[in-house]
Amino acid sequence: MFLIALRNLFGERGRLLITIGGVTFSVILILILLGLYSGWEKQMTRFTGNIPADLWVGQAGSGDLSHSISIIQAVRSEDVSKLGSVTRVSTFVGRQVGTTIDGQDVHIFVVGVDEDRFIKSYELVEGTDDPALGEIAIDQVLARQTGLKIGDTFEVAKTTVKVSGIISGGNILAYTFALVNRADVKNILDLDGLVNYYLVQTPDPDQATIDIAKQFPDYKVMTKTEFLENNKSILTETFLPIIKVLLIIAVLIGIAVIGLTIFTATIEKSREYGVLKALGYTGAQIYGIGLIQSVTAGAIGFVVGAILAPLFAIAATNIASGFLYEVSGGQVILVFAAVVGMAIIASFMPLKRLLVINPASVFKA
């Protein structure tokens, strides 16, 4: 049965290309949208999630870096560090600023970096993410968008900075993160003696939260998880739901395309199935041949689609610098299982017609 199924599948190159092509492009569409959804979901918290703080302490009413503002006194971080439940306290100073680079309006979230390197990039691509005075490390998305490279200079809030590093993980749609020396923060952000958040390390976040809230009732204390979820909300409330709808549509289209393609390919072999029936093949054997043919076509189409999807994603990145594609092994396996399931269902569709074929009809002129 297996050899017969393969002969039916590979017997006509044109039909084979149409069958596998339909599956391939469906897989590419599903994987691209799945990778886009997954990539952006992780991207939104890569930079802030890389900061080793157990608690974020800010001004009352604050909650994230996009929807709210937190301005607190830097010196009070020393009082927080004296609490018994607190191991270490650092500070976060940063703000979104707009600037123009080669005629392009861009938005950068400038973050000050101390010598303790408590804040650093998610991943260093080139140069250094520990900028000296007058230097800046920018995200690779901004670098692609503007053409900036190591050694180039531009103005941020009337302060000239030189690109000393290219980093990744700092693009979150509305802006990209950039690192500057903490000494430059006063000029760029016009902050003197003020910070946005205290970054607290503690072996017992629950107790530290209670202690800080008791001693500093005018501050808001958030766990790292809570703070990251707050920062993701700008994406989960707007962009991701759209991608999710498109992904569902892509899956439905994929089911329809794969099912119709395999169904058509099977029906067009009705004469061959009639010959097999005339030779004494049972209904179960005929269905087995159709099933093997469908699953093989689905598997080949999946493999080709899984290989081509990352290449399409690379091409998309060259067109749109902020395009993200990130698919895990588990997600690829899930898509493969879905394709095989579609192929099995598609093989059922023409079964009734194949089983009622009159063997004598295949010998008529």
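A pocket here is an open set of points on a 1 Å grid over the protein atoms alone, where a 1.4 Å probe fits and protein lies on both sides within 12 Å along at least five of seven lines; lining residues have an atom within 4 Å of a point. This is a predicted model, with local features needing pLDDT of at least 70 and side-chain atom pairs counting only at pLDDT 80 or more, while totals for linings use all residues. Residues are numbered from 1 along each chain, and side-chain values use heavy atoms, leaving out hydrogens and water.

**View 1. The second largest pocket and its 15 lining residues.** L65, S68, I69, G94 and R95 lie nearest the centre. Strand β4 (residues 94-101; a DSSP run of E, at least two residues) gives the largest share of the lining, three residues.

**View 2. The largest pocket, lined by 21 residues.** Nearest its centre you'll find Q140, R144, F323, L324 and Y325. The largest share, five residues, belongs to α11.

**View 3. F154 in the largest nonpolar core.** Such a core is a set of buried (under 20% relative accessible area, 1.4 Å probe, protein chains only) Ala, Val, Leu, Ile, Met, Phe, Trp, Tyr and Cys residues joined through side-chain atoms within 4.5 Å. Of its 37 members, I138, F154, Y198, V200 and I212 touch the most others. Leaving aside residues up to four places away in sequence, F154 has contacts (heavy atoms within 4.5 Å) with residues including I101, I136, L148 and V163. A second, separate core has 34 residues, among them M44 and F118.

Note on methods:
Buried < 20%, exposed > 50% of the residue type's maximum accessible area, 1.4 Å probe, protein only. Helix = DSSP H or I, 4+ residues; strand = E, 2+ residues; numbered from the N terminus.
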